[in-house]
Amino acid sequence: MLRLSAALAVSSALALVPAGAALAQKGPGPAAAPAPAPTAGDASGKPGVGVTPGASSSTSAGELDAHTVVTAIVQGLQEIHAGQNVPTIIWPTNYGAMSGCGPLPSSAYCPSNHTVYIAQEDAQHSYRFGDAALAYVVAHEYAHAMQTAFGVYNADVRSTELEADCLAGFYLASIPNVTFDDSDIYEIRDMALSIGDYDFMHPNHHGTPDQRVNAVLDGMRNQIGGADWQSCTANY
Ligand SMILES: [Zn+2]
């Protein structure tokens, strides 16, 4: 289960998951990004967060509810990027709701209005695994916003999606205000497995389950190994 915290916990579970490369380094890793946090009253744009009730009322004991997860992860990601390029967050919303890029097929990032949309359906799916699975969804969509803001996306959908997964892993390993335990790593792994696809011929192919798991774990390892967040852009 996730815990709100000022400290970063590095999970030994990373060493247990079957994902190719070994950890470059175990242990506490570098300190969380020292970037100055945006103030609570920062007006640069987080209107969807902090005003609406959570989507999930069926979380198991100790799990953070969906509203807390979305709010905390967004806040932490803003801190990682020192309050730069902050996207608007719309939460909760639903599949089919109109976004700046048309009806939402799922949670998504829309570049034309620099807005991240987090759908209740995805939150509910996440809680089949746990609160960390939702944290991964939020981090993945936020990563798309940063790909656009920093111009690091790829030409094809699959590479861009796997890069966003890698960035999500990097973010979750470095987020300054949320602590992860071993079970959270498995929740993220299981969520990534559940959303991978084998639609190789489909233009919206996001990557196979194994590719998605490996990408998010690569991002975690990159962070623990001391790499910077753009390390994901070199590999995907
Ligand atoms: Zn995506």
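Student: Where in the chain is the place of Gly 207?

Tutor: Bearing in mind that this is a predicted model, you will find Gly 207 in the loop between α5 and α6.

Student: Is Gly 207 buried or exposed, and why?

Tutor: A residue is buried if 20 or more other C-beta atoms lie within 10 Å of its own, and Gly 207, with 24 C-beta neighbours inside 10 Å, therefore counts as buried.

Student: Which residues does Gly 207 touch, not counting residues up to four places away in sequence?

Tutor: With those sequence neighbours left out, Gly 207 touches Arg 158, Glu 161, Leu 162, Gly 196, Arg 212 and Ala 215. Take Leu 162 from that list: Gly 207 and Leu 162 are 45 residues apart along the chain, and yet their C-alpha atoms are separated by 6.8 Å.

Student: Which strands pair with β6, and in what sense?

Tutor: Strand β2, residues 88–93, pairs with β6 in the parallel sense over 4 bridges, and there Thr 93 stands opposite Ala 119. Strand β5, residues 108–110, pairs with β6 in the antiparallel sense over 3 bridges, with Tyr 109 opposite Val 116. Between β5 and β6, which form a hairpin, there are 4 residues, and His 114 in the turn has a positive phi of about 50°.

Student: Which residues of the largest nonpolar core touch the most other members?

Tutor: That core has 62 residues, and Ile 73, Ala 135, Tyr 136, Val 138 and Ala 139 are the ones that touch the most other members. Among the elements that give two or more residues to this core are α1, β2, β5 and β6, while the largest share, 12 residues, comes from α3. As for Val 138, its contacts are Val 69, Val 70, Ile 73, Val 74 and Ile 118, not counting residues up to four places away in sequence.

Key: Residues numbered from 1 in each chain as written. Predicted model: local features only at pLDDT ≥ 70, side-chain atom pairs only at ≥ 80, totals over all residues. Pairing = 2+ DSSP bridges. Core = buried A, V, L, I, M, F, W, Y, C linked by C-beta atoms within 7 Å. Buried ≥ 20, exposed ≤ 12 C-beta atoms within 10 Å, placed from the backbone. Contact = placed C-beta atoms within 7 Å.
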